[in-house]
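Dear colleague,

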Amino acid sequence: MNNIFNFLANPSRFRIFAKNIYPFSLIIMLIFIFIGLWFGLFNSPPDYQQGETVRIMYVHVPAAWMAMIVYFSMTVMSIFSLVWRHPLADILAKCSAPIGAMFTLIALVTGSIWGKPTWGTWWVWDARLTSVFILFLIYMGHIVLVRAFEDEYKGARAGAILTLFGAFNLPIIKFSVDWWNTLHQPASVIKLNGPSIHNDMMVPLILMAFGFLFFYFSFLLINAQTELNHRKLKKLFIKQLNLN
Amino acid sequence: MKLFFKLVFRDIHIVIRGASDAGAAILFYLLAIIMFPLASGTDTNLLTTIAGGAIWMAALFASLLSLDRLFRSDFEDGSLEQIVLSGISLEIIVLSKCFAHWLTNGLPIVLLSPILSLIIGLDFQYWWILAVTLLLGTPSLTLIGATPAALSCAIGKGGVLTALVLLPLMLPVLILGSGAISAEISGLGGKGHIYALSAIFPISLLISPFLASRSIRLGWE
């Protein structure tokens, strides 16, 4: 395990690795999302209470999971970056933030589209919705903060500190439906005594969740490549200036 | 410990001599509260319901304004560096600065709150819960704000960016603080909110000195 981390710590080695892995990740993502969408839209029963609107869940729930998974992985990367000064962790955390913000936005928007016919309102300020909204704001703060520094190295450090600070929000999001009386329903898939959701609905949900996970991998890899290319370009530019 | 109080006294001295704009933040707090009745109409019933939230909002913005300058002047003229070179750990310095900031900014906010609650139309029987939530909340606001304030020093420019990073982190304090007041007014009892609010303080006391001093060091790298 340690060897892999050391091997990928070299940015140019990682660039080649990312270039080779990226197409596979993209293909897996497309397969999962297409099969998941087909199951979700055509091959799963409508809910006895919510009717057809339940199909929004197949996008909403995986997006909300990913919003938290991306932040969690950013937290791990931030620890790597602060403790071991891992150069790649900086880049990956920087590239994760926009993807995480997008997933959070998708979860918020689809949730409110689902909420209008089901709850009768676009938005309520209950604990789950508010904490996810705060997560979105923290993502945006991270994106702005990291790019505010002229020195990329300092920006990444600052972003890591902010990520660690904002990590308090993750348990609040997860347990908000248990700690407070919320309009949002409590967890039905990830809980101690097994999922309380029928298999016909579970299949598209899990497929979409994996699809979104590979979406994250694919876009993380391509974002990281862009970032590395950008830095290399900058170095070449400076070199050229020195030569002249 | 002696050095800690020496540092605190130094910061308070600076404030008293008027070299810092902590007094302006308190004035801003008063002004912001007066804005609420002027903006939302002087209907007493409406004012009673929004009073707690209005005072909390004003307190949050007042500390936000003054937090931007928590480390800035000492960081820019190099005195922070000199204090660190004298052998005191940066975490202690951060704590002393936060304590001084709370004494000059948080404490006046708490002390003024019963009078202001009269102006804005909060029932006088609820003044104590307003004071308790502010007493528990303002130290947390200062401590939570220390890290973004230090980060803004490291960037070299502050202002909007600090607010953008800071506000989402401060929201839980605001929610619990004003929630306690509205829960008490509605008859549910604000104790639950107050317990949660008082839990935030020790947690931020543990975490923020380390993250804030890490951020200051980032500016020196």
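Predicted model: local features only at pLDDT ≥ 70, side-chain atom pairs only at ≥ 80, totals over all residues.

A:Ser78 is buried, because 25 other C-beta atoms are within 10 Å and the cut-off for a buried residue is 20 or more. Beyond its neighbours within four places in sequence, A:Ser78 is in contact with A:Ala93, A:Ala160, A:Thr163 and A:Leu164. The C-alpha atoms of A:Ser78 and A:Ser112 are separated by 31 Å, the two residues being 34 residues apart along the chain.

I turn next to the contact between the chains. Chain A contributes 16 residues and chain B 15 residues. On the side of chain A that touches chain B, helix 5 (127–148) and helix 6 (152–166) each supply at least two residues. Helix 6 of chain A gives the most to that side, with 8 residues. By class, the residues of this side of chain A are 12 nonpolar, 2 polar and 2 charged.

The axes of helix 6 of chain A and helix 9 of chain B (residues 191–220) come within 10 Å and cross at roughly 170°. The two helices are therefore roughly antiparallel, the cut-off being an angle over 145 degrees. From helix 6 of chain A, the contact is made by A:Lys154, A:Arg157, A:Ala158, A:Ile161, A:Leu164 and A:Phe165. Helix 9 of chain B takes part through B:Leu211, B:Arg214, B:Ser215 and B:Leu218. This helix contact has 6 nonpolar, 1 polar and 3 charged residues.

Note on methods. Residues numbered from 1 in each chain as written. Chains lettered and ligands numbered in written order. Buried ≥ 20, exposed ≤ 12 C-beta atoms within 10 Å, placed from the backbone. Contact = placed C-beta atoms within 7 Å. Helix = DSSP H or I, 4+ residues; strand = E, 2+ residues; numbered from the N terminus. Nonpolar A, V, L, I, M, F, W, Y, C, P; charged D, E, K, R; others polar. Axes fitted to C-alpha atoms, helices over the stretch in contact; angles between N-to-C directions. Parallel < 35°, antiparallel > 145°, perpendicular 65-115°, else oblique.
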